[in-house]
Amino acid sequence: MTVRPIYLDCHSTTPLDDRVLAAMMPYFTQHFGNPASVSHSYGWEAEAAVKQSREVLAQAIHATPEEIIFTSGATEANNLAIKGVAEANFSKGRHIITVATEHKAVLDPCKYLQTLGFEITFLPVESDGLINLDQLEKAIRPDTILVSVMAANNEIGVIQPLAEIGAICHKHQVLFHTDAAQAIGKIPLNVEAMHIDLMSMTAHKVYGPKGIGALYVRRRNPRVQIAPQLHGGGHERGMRSGTLYTPQIVGFAQAVELAQVNMVSETKRLIQLRDRLWQQLSQVEKIHLNGHPKERLPGNLNISVKGVDGAALLLGLQPVVAVSSGSACTAANVSASHVLTALGRSEQLAYASVRFGIGRFNTASEIEAVAKHAIATIFSLRKQTQ
Ligand SMILES: *Cc1c(COP(=O)(O)O)cnc(C)c1O
């Protein structure tokens, strides 16, 4: 068997935790019923599991179970939130505010709405990746219906000041949506304290299964209206039709519960590993850290390397460590990362960037091996170009 590279790409996806798989298994086989079947025990078993999972997820974000709408992941949740709010508030206003560094699953629905006559403000970010709160407040207009700002960035890990953003939106009575795909289970999220009206979540970034996520939709103060984007059997209070995927839902809840319970210790451990990696890499000349040094996800390290070719760098790293340059979702696109260019990085620095995503199953010795190999690779590439 060939030795596989060390996996440090946890912002793309994470391995499934064994405990999550164990919780899911009976719902593939024994308890296979449709949770919408109300006339027999097969349906009731599945319905009970879904209800329990919904409670776990709601509790994790300080919401109520009725406010959790299951979707196929964060892409769908973002689409449902943004297009759903736009369609439901068409007569109220057609202005939406978002940020240049958002995931494509937010930017592209916004760009789609532009073609339907909506006006979108794409806020810039500071050089550390954080938005400017004064700029946000000034961008709000009487016809603004939605502000969409991600919780934690998938490339540079930067955590936006959600409570402050929520307070501004609340003050101006504009709905606040946040894409929390990278944040759920990693940082504390409280939809009440943070005045969040809609929040996208996904399971596979937090050691859960792929193909399941949810949209939190606020029911009180205010009662948020969204237009469904999938019509059918009227599941999920009419907001998202389609038979619920019980095993995935059970796995999602189990993954989030494990992450919540272990958040403090896991955060501490990941920060230690991440800081150790940076401590070693930063010894090398002309390596820049991308994103705010403190306001970032514990497992995230994103660096730009001066004087090397980005493609050659990734190629050199590949046999030892699985990492991404920029965002995997734009991997087909060879242009520099839109996030790094928004920070004001030059084309070269944005292109020669590496995103390390350290996770639950990485060890200190793996980090040492990666640091050693990365430094050797950079030295050898620099020597070649001299
Ligand atoms: C991964 C990711 C998504 C997409 O989530 P899926 O569940 O894979 O559709 C959206 N936003 C962010 C910030 C992400 O990291």
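Predicted model: local features only at pLDDT ≥ 70, side-chain atom pairs only at ≥ 80, totals over all residues.
Student: What makes the overall form of the protein agree with that of a compact globule?

Tutor: For 386 residues, a compact globule would have a radius of gyration near 21 Å, and because the protein has 21 Å, the value agrees with that expectation. Along its principal axes, the C-alpha trace spans about 70 × 55 × 35 Å, and the chain forms twelve helices and twelve strands.

Student: Why is Ser-148 called buried?

Tutor: The cut-off for a buried residue is a relative accessible area under 20%, and Ser-148 has 0%, so Ser-148 is buried. Ser-148 belongs to strand E5, which covers residues 144-148. Leaving aside neighbours within four places in sequence, Ser-148 is in contact with Ile-82, Ile-97, Thr-98, Val-99, Glu-102, Val-106 and His-177.

Student: How do you know whether His-195 and Asn-221 are buried, partly exposed or exposed?

Tutor: Each value has to be set against the two limits, since buried means under 20%, exposed means over 50%, and partly exposed lies in between. His-195 has a relative accessible area of 27%, and therefore counts as partly exposed. Asn-221 has 59% relative accessibility, so Asn-221 counts as exposed.

Student: Is the peptide bond from Asn-221 to Pro-222 cis or trans?

Tutor: That bond is cis, with omega near -5°, and Pro-222 lies in the loop between E8 and H7.

Student: What makes the span of helix H7 close to the expected one?

Tutor: Helix H7 takes in residues 246-261, which are 16 residues, and at 1.5 Å a residue the expected reach is 22 Å, while the helix reaches 23 Å from its first C-alpha to its last, which is close to that value.

Student: Why is H7 described as mostly covered?

Tutor: Twelve of the 16 residues of H7 are buried, among them Ile-249, Val-250, Phe-252, Val-256 and Leu-258. The buried residues of H7 pack against helices H1 (18-28), H2 (41-61) and H8 (263-281), and also against strands E2 (68-71), E7 (198-202) and E8 (213-217).

Student: How do you know that Leu-57 is buried, and which residues does Leu-57 touch?

Tutor: Leu-57, found in helix H2, has 1% relative accessibility, and because buried means under 20%, Leu-57 counts as buried. Not counting residues up to four places away in sequence, Leu-57 touches Ile-68, Phe-70, Phe-252, Ala-253 and Val-256. The C-alpha atoms of Leu-57 and Gly-33, which are 24 residues apart along the chain, are separated by 21 Å.

Student: Which residues touch the most other members of the largest nonpolar core?

Tutor: Of the 59 residues in that core, Ile-61, Phe-70, Val-147, Leu-189, Met-199, Met-201 and Phe-252 touch the most other members. The largest share of this core, six residues, comes from H2, and the core draws at least three residues from each of domain 1 (19-261) and domain 2 (263-385). A second, separate core of 27 residues includes Leu-273, Ile-303, Leu-317 and Val-321.

Student: Which residues does Val-147 touch?

Tutor: Not counting residues up to four places away in sequence, Val-147 touches Ile-97, Leu-136, Ile-165, Cys-169, Val-174, Leu-175, Phe-176 and His-177.

Student: Where are the two domains, and what separates their centres?

Tutor: The domain assignment gives domain 1 as 19-261 and domain 2 as 263-385, and 28 Å separate their centres, taken over C-alpha atoms. The contact takes 31 residues from domain 1 and 25 residues from domain 2.

Key
Residues numbered from 1 in each chain as written. Heavy atoms only, no water. Helix = DSSP H or I, 4+ residues; strand = E, 2+ residues; numbered from the N terminus. Expected span 1.5 Å × (residues − 1). Buried < 20%, exposed > 50% of the residue type's maximum accessible area, 1.4 Å probe, protein only. Contact = heavy atoms within 4.5 Å. Core = buried A, V, L, I, M, F, W, Y, C linked by side-chain atoms within 4.5 Å. Domains from an automatic or database assignment. Rg over C-alpha atoms; globule rule 2.2 N^0.38 Å.
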